Structure formats: C-alpha cells, structure tokens
Amino acid sequence: MPSVMYFIISVATLIIGYMVYSRVVERFFGADNCKATPACTMADGVDYVKMSPGKIFLIQLLNIAGLGPVFGPILGALYGPWALVWIVLGSIFAGGVHDYFSGMLSVRYAGKSVPDVVGYNLGNGFKQFMRFFSVVLLLLVGVVFVTGPAALLASMTNWTLLVWVVIIFAYYFLATILPIDKIIGRIYPLFAVILLIMAVGLTAMLFIKGFDFYPAAQWTNQHPKGLPLWPLMFITIACGAISGFHATQSPMMARCVPDENCGRPIFYGAMIAEGVIALIWATLGMTFYDTPDALNATLAAGGPGKVVKDVSIALMGPVGGILAILGVVVLPITSGDTAFRSARLTIADFLNYSQVENSRRLVIAVPLFVVGAVLSQMNFDLIWRYFGWANQTLATIVLWAAAAYLVRRGMFHWIASLPATFMTSVCTTYLCYAKIGLGMPLDVSTWIGVAVAVGSLGLFLFKRKTFEASPA
C-alpha cells in the first residue's frame with residue numbers, strides 16, 4: 001500500500017468517526033432541543049451571549065487548538081506512525097467524548113466551569129480539588145501560550161522577546177475582561193478560517209511538490225533518543241487526541257450555545273477538526289524530514305517553532321510561509337487569552353461573584369495577570385513538562401465525571417469509563433516514570449499504572465449504586 005494512504009485513511013477515519021460515533025455519544029447523553037440553554041435563560045451581555053452555531057464552532061476550535069496540535073504532533077512524529085494511530089483513535093474515542101461531555105454538561109449545569117461540572121458528578125472532594133487544579137492548569141496554559149508565540153514572532157521581526165511578551169499579555173488582558181462578543185466573537189471566526197487555510201495549504205503542497213509520505217516510517221518506536229513510546233507519546237500528543245485543557249474552554253462556549261442539538265458539531269466536531277490539524281503536523285514532521293534523526297536535529301537547533309518556520313517557508317514560499325507561520329501563531333494566542341478568561345470565570349463561580357460589572361472583572365483579572373507575569377519568567381520546557389501531565393490528568397477526571405453522569409441516567413457508561421481507565425493508566429505510569437515525578441523504572445511504573453487504572457474502574461463500578469441513587 002502506498003504510504004500516502006496512511007494519511008488518507010487517517011483523515012477518512014476521523015470524518016467517519018465524527019459522522020457515526022458522535023451520534024452515539026449524543027444519544028447516550030440525551031440531547032434535548034426543548035431544554036432552554038443558559039444563553040437563553042441567563043443572558044447578561046458579557047459571558048452569557050447567544051451566538052450562531054457556526055461562529056461558536058470556529059471560536060471553540062481556536063479556543064482548544066493552542067500549540068498542542070502543532071508542537072505536540074511534531075514532537076510525537078519522532079515516535080513514527082504510531083503517532084497517527086493515537087491521534088485518530090484518541091480523537092474519536094477519548095477526545096471527542098471528553099469534549100462533548102465537558103461542553104454539554106456545562107450547558108446542563110447553567111454554564112458552570114469544570115470544577116462544578118466534576119463536583120456535581122463525583123462529589124465535593126473532587127470539586128474542591130478541581131477548583132485549585134484547573135486554575136493552576138489555566139495559568140500554566142496562559143503562560144506557555146505567551147512565551148511560545150512571542151519567541152516565534154521575535155524570530156521573524158526586529159522586536160525582542162520581551163516586547164512581544166508585553167504586547168501579548170496586554171491583548172490577553174483585554175480579551176479577559178471585555179464582553180465575549182467584543183473581541184473573541186468578532187475576530188476568532190476570521191482567525192479560524194486562516195488556520196484552516198494554512199493547514200490545507202501545507203498539505204496540498206506536499207502533494208503538489210511530490211513528497212514521498214512517511215519515507216522512513218516503521219511500525220516500531222523510532223525515537224532517536226530511545227524514549228519509550230509508552231507512556232510518553234500519550235502525554236506528548238495531547239491536543240489533537242485528548243486534552244483536559246479543552247474542558248476548561250468548553251464552558252465558555254456552553255454559555256453561548258442556542259440549543260442542545262448544536263453540541264455535537266460544536267464540541268465533538270471541533271475536537272475532530274483539531275485531530276485533522278494534528279494529523280497534518282505529524283505528517284509534516286514525518287514527511288518533510290527524511291528520518292526521525294533529521295527531524296530531531298532541527299528540534300535540537302530551535303525546537304518545534306523552527307520546524308514550523310522551516311516547513312512553512314519551504315513548502316509555501318516566503319509570503320505563503322509567513323502566512324502559514326502567522327496561522328500557527330494565532331493558535332496559541334487564541335487559546336492563551338481564553339485560558340485567562342476561563343480562569344476568571346472559574347474563580348468567579350467559586351466565589352459566586354458576579355462578573356457583569358467591569359470593576360468586578362478587574363478584581364479577579366488583575367491578580368491573575370500578576371501571577372502569570374511571574375510564571376512567564378520560569379523555564380519554558382519545565383512548565384511544558386508539568387503542563388503535559390496536569391493536562392491529561394484533568395482530562396481523565398472529566399471522563400470519570402462523564403461516566404458517573406451516564407450511570408445516573410441509566411445509560412451505557414463504557415463510552416466514558418473505558419477511555420477514563422486507559423488515561424488513568426497513562427497518567428499514573430507517567431507520574432511514576434518521569435523525572436518530574438518519581439523517576440521509577442518503566443516496567444515498575446507500568447504495573448503501577450495498570451493497577452491504579454483497574455482499581456479506579458473497580459471503585460467506580462463499586463460506587464455505581466451510589467451514582468444511580470443521585471439525580472443526573
């Protein structure tokens with residue numbers, strides 16, 4: 001089979017997965033178009049603002065598609081074609097389920113943020129933990145999505161990294177405190193179109209210029225440094241397969257959804273679209289560079305940002321390359337601003353503190369940005385490593401919350417509990433193995449990960465009666 005078929009089959013599987021499996025997920029959730037959404041019952045002109053489904057989809061796509069579906073798959077390409085398998089299966093059976101439930105449960109719970117969504121289904125202990133955990137994660141995301149695009153922009157201009165950091169922080173602040181339809185609602189759809197044009201353009205140029213797809217692909221772990229595929233690939237490729245960060249973004253759009261039938265194309269659909277973007281960048285990493293060693297050499301010289309720059313200019317020329325790079329810059333910036341906005345909303349929900357007045361939004365936003373400015377001075381690689389584990393752990397907890405919700409409704413919970421079990425094993429194994437964790441041997445870490453995952457599933461099934469006794 002020609003190697004290009006790997007790419008074609010992968011994209012086709014994602015599309016079929018959306019057409020078929022998303023309907024299964026929607027049916028088990030029980031979407032009801034007769035239920036009034038928070039955008040209709042709680043409109044405030046600031047955060048609860050009804051928008052058209054098409055506009056919400058484009059905003060949601062930009063909200064969730066930060067550096068993750070670009071940088072993560074580029075790094076994941078070092079592992080070889082197994083990265084494609086994880087992107088496809090992860091998007092359909094884990095990421096899509098996670099994103100749909102994180103969005104639609106928020107719709108059902110008056111647009112509440114992820115700590116409340118989890119708390120309603122897993123109890124007050126998880127709720128309190130998630131309040132702290134999600135705000136920390138959002139701050140890490142906001143900081144990562146300042147330094148990443150700032151470095152890329154600094155490499156393209158005569159302005160220094162510090163200047164770009166200040167400019168991006170200033171924009172983030174405005175996007176955090178202004179009504180959602182003033183900046184985000186107006187410019188995000190345009191940025192989303194640029195993003196999609198960039199992704200399609202780069203893919204088309206691979207075909208036009210006659211590249212041999214995946215020239216060195218082998219169904220083995222091809223990482224030049226010998227880093228283990230399990231569990232590192234499943235942490236490295238987060239956005240584009242499954243990402244807890246999405247759960248922090250979905251409630252923002254849940255406050256704008258006009259009816260429940262929109263949830264499938266908005267939340268599940270945006271995840272599949274992000275999966276396609278991830279496929280494209282993993283493919284570029286494995287196709288533009290003849291071998292994993294060649295890709296790794298470029299990464300060593302300038303990180304994933306250099307890969308983006310080199311690939312874009314080589315495939316699309318100076319003008320097209322700059323447009324493609326700007327399209328990638330848009331990704332993190334349009335997730336960083338909503339990360340800070342989501343942090344504001346999460347804290348406001350916790351304090352039950354109205355955000356209608358400008359002064360009340362400033363009370364929360366100003367301290368958030370002070371902390372973010374301090375964190376931005378930390379080592380980028382260190383922040384990214386902690387973000388990777390925290391991100392996937394959050395996704396795991398949200399999947400368990402979705403499973404509990406399904407049990408309460410007497411529905412088939414395995415669509416959420418099985419990916420939750422798998423991700424529990426991934427996160428536990430990584431925490432035991434990684435240097436930022438316990439630094440244990442891989443085989444020992446794996447057995448611990450499997451044991452914790454099986455134990456978590458067993459505890460969930462044991463508490464099933466408790467969940468069934470509680471209202472959905």
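Colleague: To start, how many aromatic pairs does the structure hold?

Modeller: This is a predicted model, and the structure holds 31 aromatic pairs.

Colleague: Take W86 and F234: what makes them an aromatic pair, and which kind is it?

Modeller: Their ring centres are 4.8 Å apart, and rings pair if their centres lie within 6.5 Å. The planes are at 70°, and over 60 counts as edge-to-face, so edge-to-face is the label here.

Colleague: Why do you say that the W86 and F234 pair ties parts together?

Modeller: Because W86 lies in helix α5 (residues 82-108) while F234 lies in helix α10 (residues 229-236), the pair joins parts that are 148 residues apart in sequence. Both W86 and F234 are buried, too.

Colleague: And why is the pair of F211 and F288 called stacked?

Modeller: Their planes are at 25°, and stacked needs planes under 30 degrees apart. The centres are 6.0 Å apart, within the 6.5 Å limit, so F211 and F288 are a stacked pair.

Colleague: Where do F211 and F288 sit in the chain?

Modeller: F211 is in the loop between α9 (184-208) and α10, and F288 is in the loop between α12 (263-287) and α13 (292-351). That's 77 residues apart, so this pair links distant parts of the chain.

Colleague: What makes V20 count as exposed, then?

Modeller: V20 has 51% relative accessibility, and the cut-off is over 50%, so V20 counts as exposed. You'll find V20 in helix α1 (residues 4-29). Along with I15, I16 and M19, V20 makes a nonpolar surface patch of about 390 Å².

Colleague: What about R27: where does it lie relative to F28?

Modeller: R27 lies over the face of F28, 4.7 Å from the ring centre. The distance limit for that label is 6 Å.

Colleague: Stepping back, why does the overall size agree with a compact globule?

Modeller: For 472 residues, a compact globule would have a radius of gyration near 23 Å; the protein has 21 Å, so the two agree. Of those 472 residues, 59% count as buried.

Colleague: And how many helices and strands are there?

Modeller: The protein has 18 helices and zero strands.

Conventions: Residues numbered from 1 in each chain as written. Predicted model: local features only at pLDDT ≥ 70, side-chain atom pairs only at ≥ 80, totals over all residues. Heavy atoms only, no water. Helix = DSSP H or I, 4+ residues; strand = E, 2+ residues; numbered from the N terminus. Buried < 20%, exposed > 50% of the residue type's maximum accessible area, 1.4 Å probe, protein only. Lys NZ or Arg CZ within 6 Å of the ring centre and 35° of its normal. Patch = residues over 30% accessible without salt bridge, like charges linked within 9 Å, V, L, I, M, F, W, Y side chains within 5 Å. Areas by Shrake-Rupley, 256 points an atom, 1.4 Å probe, with all protein chains shown as cover. Salt bridge = Lys/Arg side-chain N within 4 Å of Asp/Glu carboxyl O. Rg over C-alpha atoms; globule rule 2.2 N^0.38 Å.
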